[in-house]
Protein chains: 2
Amino acid sequence: MSKLLSRRDLSFLLYDWLQVERLITRPRYAQHDRTTFDAVLETAEKIATDLFAPHNRMSDLNEPHFDGTRVTLIPDVKRALDAFNAAGLVAAGQDEAHGGMQLPAVIDKALMAYFMSANCATAAYPFLTIGNANLLLAHGSEDQILKFVRPMLEGRFFGTMCLSEPQAGSSLSDITTRAEPQADGTYRLYGTKMWISAGEHELSENIIHLVLARTPNAPLGVKGISLFIVPKFLVNTDGSLGERNDVVLAGLNHKMGYRGTTNCLLSFGEGVHQPDGHGGAVGYLIGEQHRGLGYMFHMMNEARIGVGLGATMLGYTGYLHALDYALQRPQGRHPQNKDPASPQIPIIEHADVRRMLLAQKSYVEGALALNLYCAMLVDEERTAPTPELRQDATDLLDILTPIAKGWPSQWCLEANSLAIQVLGGYGYTRDFPVEQFYRDNRLNAIHEGTHGIQALDLLGRKVVLNDSRAYLLLVDRIRASVQAARQTDQADLHEYASLLEGMLARLSATTKALWSAGNLNVTLANASTYLEAFGHVVIAWIWLSQATVIADQQHGTSSAEAKAAPDFASGKLYACRYFFRVELPKVRVMLDLLTSLDTTALDMRAQWF
Amino acid sequence: MSKLLSRRDLSFLLYDWLQVERLITRPRYAQHDRTTFDAVLETAEKIATDLFAPHNRMSDLNEPHFDGTRVTLIPDVKRALDAFNAAGLVAAGQDEAHGGMQLPAVIDKALMAYFMSANCATAAYPFLTIGNANLLLAHGSEDQILKFVRPMLEGRFFGTMCLSEPQAGSSLSDITTRAEPQADGTYRLYGTKMWISAGEHELSENIIHLVLARTPNAPLGVKGISLFIVPKFLVNTDGSLGERNDVVLAGLNHKMGYRGTTNCLLSFGEGVHQPDGHGGAVGYLIGEQHRGLGYMFHMMNEARIGVGLGATMLGYTGYLHALDYALQRPQGRHPQNKDPASPQIPIIEHADVRRMLLAQKSYVEGALALNLYCAMLVDEERTAPTPELRQDATDLLDILTPIAKGWPSQWCLEANSLAIQVLGGYGYTRDFPVEQFYRDNRLNAIHEGTHGIQALDLLGRKVVLNDSRAYLLLVDRIRASVQAARQTDQADLHEYASLLEGMLARLSATTKALWSAGNLNVTLANASTYLEAFGHVVIAWIWLSQATVIADQQHGTSSAEAKAAPDFASGKLYACRYFFRVELPKVRVMLDLLTSLDTTALDMRAQWF
């Protein structure tokens, strides 16, 4: 059994639940079929298993080292990424015209899931490169695409995103990096960027930084931010590398986890490589001035869903490790068995261990399903037959992004904590990988917009935007799933359908109450709780929907293959049951708090702490 | 401001809330007064600040190293412990007859809190030594006390507890270490012990292991376990050290946190130091054969409360670090402020940051209060004027032990996670200590009985023992606090009193429903949820009781000093309000699940995962 990802679960989610084979009828994906999808997933699983997973611990124990000039990583990282690139996986989702495989986004994400599970730190390099390339494909000029994107898709260049600065993490409005226009149409950048993942290394020929900066006399705040390409090495017209650009590593951050990904403080325009003193990092404006943050959100939104998938996969692999351990480790006896001469039982025989495994299963399989659903929305956005359907997909993706990022960051981390607990003392040692997953996963509620930022994005913006169009659309989708569950022959699912319907109505009433507060501070005071309640409702929907497909399969309307796996079906139904009985009820308490417009945290004063 | 522990809070808890000065009227503590209490607390704070805290990170980065023969620790550990011993703190709570200061247990725990906050890994050495000494003082012979306890109380010997074995962690029934009686009345031990904290080092002249083992023909299971003293070096009649005993370090465990405490696999009786091949670790039976586990629980119960205090203090120091950061770090603006030219505000001005700080405050101050309350029960058990009152204290301590251990292990870890979140990216780096606190604290739900074991102890044993005597006593205490809150002039507290009263009634009904299930497996299937619900009720009680004292002080019945600190009072009342509005309502959902006798985890089958 793979401990990266259950292939059986993935197949169920892709083919039975999301029915991705529908996509083959669309012109963009017409050259594909389930065989090509499965082939690329198998390739991904093999490379992830053979080359990414084996150095996951080693790169944690030997984090990147900066001697003041060069960064050194263990060689296994480059070996793994070379194989990833040789298999063409960096361009798996790209147009054939750009040398890509033109696979659906949902397949692309599924294959990335294997790498995030096997080694999230090494997977971060291509993950950022793909996001960078996608931004440039959407907003860059033809020349920029040719010069910078093509080599990225070939795996020769890697990419980054440079937003934060030491004095401006969550508050992008306050960035101060300057971009000064030059006579030749290029810019020179000066400033310092913080928390730049993959900001320096020698894994690729070049590094393409996407940098937020201000042009002279730009308006203050986010409306004065522009976006620039700043390559580590300048690129000549013929594509060959030119001189070293004026961007240097000022220091590496030493983290609790995710250690294999270099995380950098980068200095732009310090003149380090310009002995004549004429510093300034050469940069190229993307699109129009002052619209940089909007472009960056192209990459940021993708990165947020990617972070959610990464959090999910850390939880997922932790769960599979805990399950494996629980099936094998003998310890203790059933409560009613007082005979010390009887053999010890595998710990999975203890109800409390099964509870911890069920919780993990409900978190990680629920989160993976949501993340793949979001990826499928990218495909719908791109290829759905009508503009209306494409707009629907955009809106749904928009409102689900903070959930797809925030929920796994919280609950799949909890899954990792439970995995440690299942392994007990062993789980707390570095002899087993679960403690690393836990450390790695703790980052995900912080980067690409903290939990609190996601909460403000959801409650302060997404649910009310365009007269709540996205919210109402999501409600329709959830209601459709409720109806579908009611049409199964399973009384359990009817019960869950009613629970979900009731909770959804309460969520809507709460949203309305929050926005009727008449005071923005009051509306947003418990935004994090809103995000968490909303997330649980969404995952309950995802579980009900999965269970409905299982029920329909069991009822006989589906393939023999599906019916041949009653254990799998029971597992899905029990995880759904766990979520509805143990998890969803927690939402009630959160909505009560929100509806009361509680101002405890808002009213608390700094000097009272 | 100390970042170890708020002295203001500690003074409030000791003198205003617990009124420890009452103890001075008891003969055992008659030589003390508030001045001596404060003096020893100041000494503790000073040594903890000057010698323990400074090497906390260093000992994390340079964990103990075993070269196959010797264990090496950074020298700072010994320097700190020498100062601790020189100040006589290891015997702070011991009888004057044994060279101790004869301080109340509640003061002893308060001073230990400083060390656990400053450096939990270094503090573990004396913490285990004290527990070991206390066990021997209660159950050892005079000769054993003279030989082994005296040097421990002088800080010359350190102690351990050796329960687990590689094949028997939570299941002590399955230990196999043998103890063979010798003609001279001693024993020879053979076996392997796992997870032994402080099991090997060169910090002290000798290490006194307390070892669970089986004598020949002992009954199977826990009723056949005896307890032995196994010193690292034999001790001659005159107290001088004799030959090296046959107990050796087989390997160190490499942990996610708590790295400064050696954690050992120990081999007994392998003949390593006996070149003639006549191996066997010399051991001395404590008390009677087959009663070893009962004796060990003397130390274990103390260790469990100690673990709870350790978890609390990691959360507490993390909270103080997060608070300090939040007061200083500028980032962003209020939601309604759209002017990017206005200065950034300290992040404590954001409601979500205050929410995270309030949550931490409510967890860590609540947990510290509970732990000190438990320590006060030890004093009552020892010195209360009547046998009935002493028995009450024993019973209350008995039922509160799984809470005092389990609740901080869960919620003060959550506090550490929130502290990381407050610091954002910085919190995830090793430049700040909060990530270490988070890693260190993750151990506490595992050692000295896992969370699941605490849950079984509470629901399966403590709440029903002796016709629920302890449970009913606790209910009486909580009801008394409810009445006291109703007699304040604060409407808020009246409201919380009713909430707590209602929840307590529901907890009792749930306990009854669980024990009426007629099937032990069903009763215990969700024991962990029961532990968590029970814990939240207890902490709500602790908060209501603190708030009542504050309210009484504000009403004018108390000292001018207390009334002079309105900020402190507001902080306490808001933390109480936070707990009642945000935390206590979570119990409803847990009790619903328990009352429904949910069997989802129980019914789940291994092959369905």
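## A look at A:His98

Let's start with one residue: A:His98 is partly exposed, since 16 other C-beta atoms lie within 10 Å, and a residue counts as buried only at 20 or more and as exposed at 12 or fewer. Please keep in mind that this is a predicted model.

Where does A:His98 sit in chain A? Its place is the loop between α4 (75–86) and α5 (105–118) of that chain. Leaving aside residues up to four places away in sequence, A:His98 touches A:Ala91 and A:Leu153. A:Leu396, in turn, is 298 residues from A:His98 in sequence, and the two C-alpha atoms are 28 Å apart in space.

## Chain A as a whole

Stepping back, chain A is built with 20 helices and twelve strands. Its C-alpha trace spans about 80 × 60 × 60 Å along the principal axes. For 609 residues, a compact globule would have a radius of gyration near 25 Å, and the 25 Å of chain A agrees with that.

How much of chain A is buried? Buried residues make up 58% of its 609 residues. Among the contacts in chain A with a separation of 6 or more, 74% come from residues 24 or more positions apart.

## A helix in chain B

Over in chain B, helix α6 covers residues 120–139, 20 residues in total. From its first C-alpha to its last, helix α6 of chain B reaches 28 Å, close to the 28 Å expected at 1.5 Å a residue.

Is this helix enclosed or open? In α6(B), 17 of the 20 residues are buried, so the helix is largely enclosed by the rest of the structure.

Key: Residues are numbered from 1 along each chain as its sequence is written. Chains are lettered from A and ligands numbered from 1 in the order in which they are written. This is a predicted model: local features need pLDDT of at least 70, side-chain atom pairs count only at pLDDT 80 or more; totals for chains, interfaces and linings use all residues. Helices (H or I, at least four residues) and strands (E, at least two) are DSSP runs, numbered from the N terminus. The radius of gyration is taken over C-alpha atoms; the globule rule is 2.2 Å times the number of residues to the power 0.38. Two residues are in contact if their C-beta atoms, placed from the backbone, lie within 7 Å. The expected span of a helix is 1.5 Å times one less than its number of residues.
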